[in-house]
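Subject: Handover of a structure model

Dear colleague,

Please find below the structure that I am handing over to you. I would be grateful if you kept it open while reading the notes that come after it.

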Amino acid sequence: MKMNELGLVYFSPTGTTRKVIIETARNIDLKSVSYDLSIHKEKKPNLHFKGNDFVLFGIPVYGGRVPATFLEYFETLKGDNTPAALIATYGCREYEDALLELKNEVESRGFKVIGAGAFPVQHSIVRQIGMSRPNKADLKVIADFGIQLNRKLRNAVGFDNIDIQVPGNNPYKKYETIPLVPKTDVNLCTECKACAKACPAGAISMENPKKTDKKKCISCMKCVYSCKKKARYVSNMKLNMAQKKLTKICKSDKQAEIFI
């Protein structure tokens, strides 16, 4: 089958998932177009793909699930029996139901999953967990995933007989995120609004960027990473509590799992 274009549809508030999906895409012989859904958009873009396109979907795992903010964009997602592959990155705990949920969501909208991978990376909140991952060895595994997908695309006449199985339970576990809402140091904040523009959940007001809507915040930490003045931060007490809890259940030597 002659392929047309490679679509990269991803949610990557801190840039790690983007790094993984780009490394995968580098090893696929198709021109790519990126759809970064970590940038908040009131009007959802039309994500329509043809039968001879190939789409890589990439997400960070939030509490064992697909980020709800990412799924909001699926209202306009549509494929035409379009081949796709899935990428889930997670902070060295577990990815639980995330791959299965993502597979079900994309296949219900006209896509055919021909490969999937779960990749352990540095934790977005407790940075000591999985420090500097993906590292050189991880990137080699990620690149090989892209090579395998590329080989599959080149050799396949069609994809109807492919049936990729991924771990997970249905019904899925309850959707929860770590309740860490970043605060603002009013003495450092210049109201440049970089955090408000960066927030993928629209939780920071453009009129008053010093305030965060706790109900909308998904604790993705993008505002903290985006603030050049270091005016956005998480309470040390809450961060220490999270660190104590997560270091007990996360293992920094987790290995990637590939399904292809």
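The notes below set out what was found in the structure, topic by topic.

Please bear in mind throughout that this is a predicted model.

Helix α1

Helix α1 covers residues 16-25 and is mostly covered, with seven of its 10 residues buried. The buried residues are T16, T17, V20, I21, E23, T24 and A25. Their packing partners are the strands β1 (6-10), β4 (54-60), β6 (82-90) and β7 (111-120), together with helix α4 (136-155). An α-helix has 3.6 residues a turn, so residues three or four places apart point the same way.

Nonpolar cores

The largest nonpolar core consists of 66 residues. Within this core, the residues with the most contacts are F54, L56, F57, F70, L99 and L102. Another core lies apart from it and has 10 residues, including I129, L180, A242 and C250. As a general background, nonpolar side chains in soluble globular proteins tend to be buried together.

When neighbours within four places in sequence are left aside, L56 is in contact with L6, G7, L8, V9, I21, T24, A25, I28, A85 and L149. Of these, I21, T24 and A25 are among the buried residues of α1.

K254 sits in the loop between α7 (236-249) and β10 (257-259). Is this lysine buried or exposed? K254 has a relative accessible area of 18%, and because the limit for buried is under 20%, K254 counts as buried. Two polar partners can be named for its side chain. One is the backbone oxygen of R93, which the side chain of K254 reaches at 3.1 Å. The other is the side chain of E94, joined to that of K254 by a polar contact of 2.7 Å. Not counting residues up to four places away in sequence, K254 touches Y90, C92, R93, E94, P120 and R133.

The largest pocket

The largest pocket has a volume of about 840 Å³. It is lined by 37 residues, of which G63, H123, I125, I178 and L246 are the closest to its centre. Which elements supply at least two residues each to this lining? They include α1, β6 and α7, and the largest share, six residues, comes from α7. By class, the lining comprises 16 nonpolar, 13 polar and eight charged residues.

The cavity

The structure holds one cavity of 30 Å³ or more. The volume of the largest cavity is about 90 Å³. Among the 14 residues lining this cavity, C199, C217, C220, M221 and C223 are the closest to its centre. The lining of the largest cavity has 10 nonpolar, two polar and two charged residues.

Backbone geometry

Most residues other than glycine have a negative phi, and most peptide bonds are trans. Several places in the model may be set beside that background.

- The peptide bond from R133 to P134 is cis, with omega near 10°; P134 belongs to the loop between β7 and α4.
- N170 and P171 are likewise joined by a cis peptide bond, with omega about 15°; P171 is in the loop between α4 and β8 (183-184).
- E96 is not a glycine, yet has a positive phi of about 45°. Its place is in the loop between β6 and α3 (98-107), and at 28% relative accessibility E96 is partly exposed.
- K193, also not a glycine, has a positive phi of about 75°. K193 is located in the loop between β8 and α5 (194-198) and, at 32% relative accessibility, counts as partly exposed.

Q128 lies in the loop between β7 and α4 and is partly exposed, at 46% relative accessibility. Which residues does Q128 contact once its neighbours within four places in sequence are left aside? They are Q243 and S252. Q128 and Q243 are 115 residues apart along the chain, while their C-alpha atoms are separated by 8.7 Å.

With kind regards

How values were computed. Residues are numbered from 1 along each chain as its sequence is written. This is a predicted model: local features need pLDDT of at least 70, side-chain atom pairs count only at pLDDT 80 or more; totals for chains, interfaces and linings use all residues. Side-chain values use heavy atoms; hydrogens and water are left out. Buried means under 20% relative accessible area, exposed over 50%, partly exposed in between (1.4 Å probe, protein chains only). Helices (H or I, at least four residues) and strands (E, at least two) are DSSP runs, numbered from the N terminus. Contact means heavy atoms within 4.5 Å. A polar contact is a pair of N or O atoms within 3.5 Å; within protein, one must be able to donate a hydrogen and the other to accept it, and residues adjacent in sequence count only if both atoms are side-chain atoms. A nonpolar core is a set of buried Ala, Val, Leu, Ile, Met, Phe, Trp, Tyr and Cys residues joined through side-chain atoms within 4.5 Å. On a 1 Å grid over the protein atoms alone, a cavity is a set of points where a 1.4 Å probe fits but cannot get out, and a pocket is an open set with protein on both sides within 12 Å along at least five of seven lines; lining residues have an atom within 4 Å of a point. Grid points are joined across faces, edges and corners, and a volume is the space filled by probe spheres set on the points. Ala, Val, Leu, Ile, Met, Phe, Trp, Tyr, Cys and Pro count as nonpolar, Asp, Glu, Lys and Arg as charged, and the others, Gly among them, as polar.
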